[in-house]
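Notebook open, viewer running. I jot down what I look up, one entry at a time.

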Amino acid sequence: MQQSRRSVVRAGGALALFAALGGALLRPGRALAAWNKSAFEAKSAVDAMRALGMANAEESKDIEIRAPDIAENGAVVPIDITSNIPGTTSISVFLEKNPFPYTGTFDFAAGAMPFVHLRAKLGESTPVRVVVAAVGKFYTTAKEVKVTIGGCGG
Amino acid sequence: MADPMKIRATVQGDVADVRVLMAHPMETGQRKQGGKPVPLHFIQTITAQLNGKTVFSADISQAISRNPVFAFKVKGAKAGDKITVTWKDNKGESRTDETTIRGGS
């Protein structure tokens with residue numbers, strides 16, 4: 001049972017990738033046209049990664065996350081991400097302790113370098129998890145950010 | 001109509017450094033005003049083009065900070081090239097702005 005579900009998840013990921021590649025050829029840019037509602041509404045990073053077909057990401061030291069160790073203001077936490085993995089096509093960000101951890105996916109095409117700077121709201125101290133897609137595989141790493149004042153309540 | 005974006009693009013060698021500031025409340029749906037929750041209102045998709053060709057795009061959530069700032073880098077760009085950025089939010093509002101890449105100092 002568990003095994004068959006796994007393979008379905010994996011097949012789904014492969015399919016998504018195939019669609020992504022096909023889409024990229026036909027129309028550069030937004031590879032998967034639709035904003036992935038089920039991933040964005042997932043309440044855990046694991047569920048979101050599963051919805052994106054990234055659940056099998058392997059740990060990598062070739063992803064750099066630059067973010068403060070301690071963020072005084074959780075409403076605006078600057079995060080710089082660089083992937084040193086050859087063939088990187090996208091960077092996804094998950095703020096594991098936020099109510100909805102999946103924060104976004106950034107796609108690179110036609111000369112864009114595998115780097116992104118963003119500013120995010122952190123409800124509380126959380127690992128910032130990054131998943132990189134490169135040549136059909138997923139790689140991941142995380143960095144803990146401590147928050148003294150949360151950014152979600154307003 | 002939302003306020004225009006501020007886009008700054010400078011080139012060093014053949015790499016353009018692009019920085020975009022968008023004017024948007026990015027409401028999480030969790031904030032309350034006068035006891036009533038403020039509804040979700042946030043940018044969902046972003047597309048950036050270099051001379052009409054998409055180089056950078058994103059799907060994002062309400063966890064991105066208010067008045068979002070993003071930066072990305074594009075290789076193979078030169079001064080005078082055009083950068084166009086479009087965002088679209090969950091209420092169907094959108095905004096497109098463009099700038100010309102300037103030579104770095």
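**Entry 1: M26(B).** I started in the loop of chain B that runs between β2 (15-21) and β3 (32-33), where M26(B) is found. This is a predicted model, so I read each value below as a property of the prediction. I looked up the phi of M26(B) and got a value near 50 degrees, positive in a residue that is not glycine. I noted the background too: most residues other than glycine have a negative phi. Next I asked myself: is M26(B) buried or exposed? M26(B) counts as buried, because its relative accessibility is 1% and the cut-off is under 20%.

**Entry 2: what reaches M26(B).** I followed the backbone oxygen of M26(B) and found the side chain of K121(A) reaching it at 2.6 Å. That lysine lies in the loop between β7 (115-120) and β8 of chain A. The side chain of K121(A) also has a polar atom 3.4 Å from the backbone oxygen of I64(B).

Entry 3: Which side chain of opposite charge is nearest to K121(A)? I found E27(B), 6.7 Å away. K121(A) is buried and has no salt bridge.

**Entry 4: V76(A).** I moved to the loop between β3 (70-73) and β4 (77-83) of chain A, where V76(A) is found. V76(A) and K121(A) sit 45 residues apart along the chain, yet their C-alpha atoms are separated by 5.6 Å. I listed what V76(A) touches, leaving out residues up to four places away in sequence: R119(A), A120(A) and S65(B). V76(A) comes out as partly exposed, because its relative accessible area is 41%, which falls between 20% and 50%.

**Entry 5: the contact between the chains.** The area buried between chain A and chain B is about 2,800 Å², and carbon and sulfur atoms give 56% of that. I looked for salt bridges between chain A and chain B and the count is 0. Polar contacts are there, though: 17 residue pairs between the two chains, both residues at pLDDT 80 or more.

**Entry 6: chain A overall.** I counted 3 helices and 9 strands in chain A. Of the 154 residues in chain A, 45% are buried. I checked contacts in chain A between residues at least 6 apart in sequence, and 64% of them join residues at least 24 apart. The accessible surface of chain A is about 7,700 Å², with 60% belonging to carbon and sulfur atoms.

**Entry 7: V135(A).** Last stop was the loop between β8 (126-134) and β9 (137-149) of chain A, which holds V135(A). Its phi is near 45 degrees, again positive in a residue other than glycine. V135(A) is exposed, because its relative accessible area is 68% and the cut-off is over 50%. I put that next to M26(B), which also has a positive phi but is buried at 1%.

Notes:
Residues numbered from 1 in each chain as written. Chains lettered and ligands numbered in written order. Predicted model: local features only at pLDDT ≥ 70, side-chain atom pairs only at ≥ 80, totals over all residues. Heavy atoms only, no water. Helix = DSSP H or I, 4+ residues; strand = E, 2+ residues; numbered from the N terminus. Buried < 20%, exposed > 50% of the residue type's maximum accessible area, 1.4 Å probe, protein only. Contact = heavy atoms within 4.5 Å. Areas by Shrake-Rupley, 256 points an atom, 1.4 Å probe, with all protein chains shown as cover. Lys, Arg positive; Asp, Glu negative; His and termini not counted. Salt bridge = Lys/Arg side-chain N within 4 Å of Asp/Glu carboxyl O. Polar contact = N/O pair within 3.5 Å; in protein donor to acceptor, adjacent residues only side chain to side chain. Buried area = accessible area lost by both parts, 1.4 Å probe.
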